[in-house]
Amino acid sequence: MPDLSQGAHGDDADAAAVNALRSAVMRLSRRLKHQRVDESLSPTEMSVLGTLARCGSATPGELARKEHVQPPSMTRIVALLEAKGLVRLEPHPDDRRQKVVSQTERAEAMLEESRRKRNAWLASLAEGLDEDEWAKLRAAAPVLEKLAHL
């Protein structure tokens, strides 16, 4: 595995590919974030709902670790989401001092609509790809998914 963190030590072609990937992923991510269903939710709030959808119920502390935010920040985020009817807090089954955060049916529906809207937007962009580019995109998708979860 080449060491690309130092630039000069890695292969120039690999370093250029990593730079292009970073730049493209950041631009595409910013554009996707604008395809929101509910403008009243911050990107962080949407991310927390997405984490709950993927991982299931969690304590605020677990959510803070998964979202890379401080626990007091997550406590505020959860309170905002609860006030909007998107999450519910329930007693922890093993520790009465803690609560478990779960998404509501309203949050599930909103996330599904958001996914539908973003997928439609991305599909419309991809209509401009030729068959060779589509084949490369299909091959790259699992690799990008792996990178996203490392």
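This is a predicted model: local features need pLDDT of at least 70, side-chain atom pairs count only at pLDDT 80 or more; totals for chains, interfaces and linings use all residues.
His68 sits in the loop between α3 and α4. Is His68 buried or exposed? His68 is exposed, because its relative accessible area is 74% and the cut-off for exposed is over 50%.

**Step back into α3.** Select residues 60-67, the whole of helix α3. Now pick out Leu63, Ala64 and Glu67, which are buried. They lie on the same side of α3, because they cover an arc of only 105° around the axis. What do the buried residues of α3 pack against? Show α2 (43-55), α4 (71-83) and β2 (99-103): these are their packing partners.

Select Glu45 and Lys84. Their side chains meet in a salt bridge, 3.4 Å from N to O. Glu45 is in helix α2, while Lys84 is in the loop between α4 and β1 (87-91). The two are 39 residues apart, so this pair links distant parts of the chain. Glu45 counts as buried, because its relative accessibility is 5%. Lys84, at 25%, counts as partly exposed. Side chains of opposite charge can pair when their charged atoms come close. How many salt bridges does the structure hold? There are 7.

Select Asp132 and Lys136. Their side chains form a salt bridge at 3.2 Å, N to O. Why are they separated by about one helical turn? Because they are 4 residues apart in helix α6. Asp132 is partly exposed at 46%, and Lys136 is exposed at 53%.

Next, select Arg138 and Glu131. Their closest N and O atoms are 2.8 Å apart, in another salt bridge. Arg138 is partly exposed, with a relative accessible area of 46%. Glu131 counts as exposed at 54%.

**Look at the surface.** Select Leu21, Val25, Val143, Leu144, Leu147 and Leu150. They form a nonpolar patch with about 560 Å² of accessible area together. Helices α1 (12-33) and α6 (131-148) each supply at least two of its residues. Which helix gives the largest share? That is α6, with 3 residues. Leu144 lies in α6 and counts as partly exposed, at 37% relative accessibility.

**Zoom out.** Select residues 14-149, which UniProt lists as "domain: HTH marR-type" in an unreviewed entry. Over this stretch the chain is 69% helix and 7% strand. Its end C-alpha atoms are 21 Å apart.

Technical notes
Residues are numbered from 1 along each chain as its sequence is written. Side-chain values use heavy atoms; hydrogens and water are left out. Patches are made of residues with over 30% relative accessible area and no salt bridge: like charges are joined within 9 Å, nonpolar side chains (Val, Leu, Ile, Met, Phe, Trp, Tyr) within 5 Å. Accessible areas come from the Shrake-Rupley method with a 1.4 Å probe; for residues, only the protein chains shown count as cover. A salt bridge is a side-chain nitrogen of Lys or Arg within 4 Å of a carboxyl oxygen of Asp or Glu. Buried means under 20% relative accessible area, exposed over 50%, partly exposed in between (1.4 Å probe, protein chains only). The arc is that of the directions from the helix axis to the C-beta atoms. Contact means heavy atoms within 4.5 Å. UniProt positions are given in the numbering used here, feature names are shortened, and annotations may be inferred rather than shown by experiment.
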